[in-house]
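Subject: Handing over the structure

Dear colleague,

Please read them with the model open beside you.

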Amino acid sequence: MTGLRWGILGTGSIAHTFTSDLRTAGREVVAVGSRSVDSARDFAGTFGIARAHGSYQELVADPDVDIIYVASPHSHHYDHAKLVLEAGKHALVEKAFTLDGAQAAELRDLAAADGLFLMEAMWTRYLPTMIRIRELVAGGALGEIRAVTADHTQSITDDPHHRLNDPALGGGALLDLGIYPISFIWDILGAPTSISARARLQEVGTDTEVATVMTHASGAISTSLSSSRGVGSNTAVIIGTKARIEIDPVWYTATTFRLVATDGTVIEDYRTPVDGRGMQYEALAAERYIAEGRLDSELEPIDETVAIMEGLDEIRRQIGVSYPGLEA
C-alpha cells in the first residue's frame, strides 16, 4: 500500500465503475463529492466511504484526501481538474482529458508549477493486454509495423437533449469514443505527421461518425472509425511484416488477442483473468508513480496527452465541429 487516500469527484456511472475497481484492488477511498449531498451520500453508502461532500469545493478541501479522480463529464474536466490542482491535490482525470489542447496544456503547466501529479485516466493503456502488446512490439515480434486500425462504435442515443448530442457539452462521437482508437494508435505508432479526417454531422452540429487516416514518422499508416449511432466490430489490428496482432472485441477493455504469423500460424494466444473492468490498473500506476516521487506517467506522459488533444483539435477543424467558447 502506498498510503494514498482517494477522493471521487462525481457520482455517475464511470465513477461507480472506477470506485468498484478501486475497492477490488484494496485501495483506500475516503471521500466523495457531488453537486448534490444526497447523491454523494448514496454513493458513499454504496461503497462504504466515510465522508460525503455536497460540493466539489468541499471535496478538494478535505484534508484527508491525497488524490482525486475527476469523473465529471469531459465538458467540465478543465474546471474540475483545475479546482483539484489549486487545492494542492494530485489528479487522475477521466478521458477525454479536456475539450481542447489549450485547456490540457494549462492544466499540465499548473500541475508542474505546483509539483503535483496529473494523469489522464486512459485506463486502456494500463491493462495487462496492452502491457503485453507493447512488449511484443518493442521486441520486434511483428517486424516492421506497416499499419494500425481500430474502431470504437456504439449505438448510444439520438436524444437531442443527451450530452452526447450537445455542442455546449463537447458532444459528439470524437471525444467520447474516438479518443480510444486515436490514443491507441498514438501509443503504438507515435504522433502522426499528417491527419486526414471525415465525419458525418447531425443538425445540431455534433459528429455521429468520424473516420481518420494518419501517417506516422516511420511511414506507417493508421485508420480509425468512431460512431455513436451504430455498432461495428470494435476490434483493433496491428499489422507488421512478420506478424500481426488481432485484439478481440471489445479491444479497449480487458480482453484477449492473438499474435498471428504471415502464414496464419498463431504464435501466441493471450488470455489473462482481470477482476472487475480493469480500471484499477491506472490507479495502481498513479499510486506507484507518486510513491516514487514522479509527477508523470511513463505509459502516457502528460505532454502526450496534450498532443493528443491538439490532434483532436485538428480533426475537429477538418470536420467542422466547434464547441461554444472554444476555437473550432
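Rings of Phe, Tyr and Trp (its six-membered ring) pair if their centres lie within 6.5 Å, and a pair counts as stacked when the planes are under 30 degrees apart, as edge-to-face when they are over 60, and as tilted for the rest. Tyr180, Phe184, Trp251 and Tyr252 come together in one aromatic cluster.

This is a predicted model, in which local features need pLDDT of at least 70 and side-chain atom pairs count only at pLDDT 80 or more, while totals for chains, interfaces and linings use all residues. Residues are numbered from 1 along each chain as its sequence is written, and side-chain values use heavy atoms, with hydrogens and water left out.

The structure holds eight aromatic pairs. One of them, Phe18 with Tyr69, is stacked, with 3.7 Å from centre to centre and 15° between the planes. Since helices (H or I, at least four residues) and strands (E, at least two) are DSSP runs numbered from the N terminus, you can find Phe18 in helix 1 (residues 13-24) and Tyr69 in strand 4 (residues 67-70), so the pair ties together parts that are 51 residues apart in sequence. Both Phe18 and Tyr69 are buried, a word that stands for under 20% relative accessible area, with exposed over 50% and partly exposed in between (1.4 Å probe, protein chains only).

Grid points are joined across faces, edges and corners, and a volume is the space filled by probe spheres set on the points.

The largest pocket holds about 740 Å³ of space, and of the 33 residues that line this pocket, the closest to its centre are Ser13, Ile14, Ala71, Pro73 and Arg163. Helix 7 gives the most to this lining, with four residues.

There are two cavities of 30 Å³ or more. The largest cavity has a volume of about 60 Å³, and its lining includes Tyr180, Phe184, Trp251 and Tyr252, which are the residues of the aromatic cluster. The second largest cavity holds about 30 Å³, and the largest share of its lining, four residues, comes from helix 7.

With best wishes

Note on methods:
1 Å grid on protein atoms, 1.4 Å probe; cavity = no way out; pocket = protein on both sides within 12 Å on 5 of 7 lines; lining within 4 Å.
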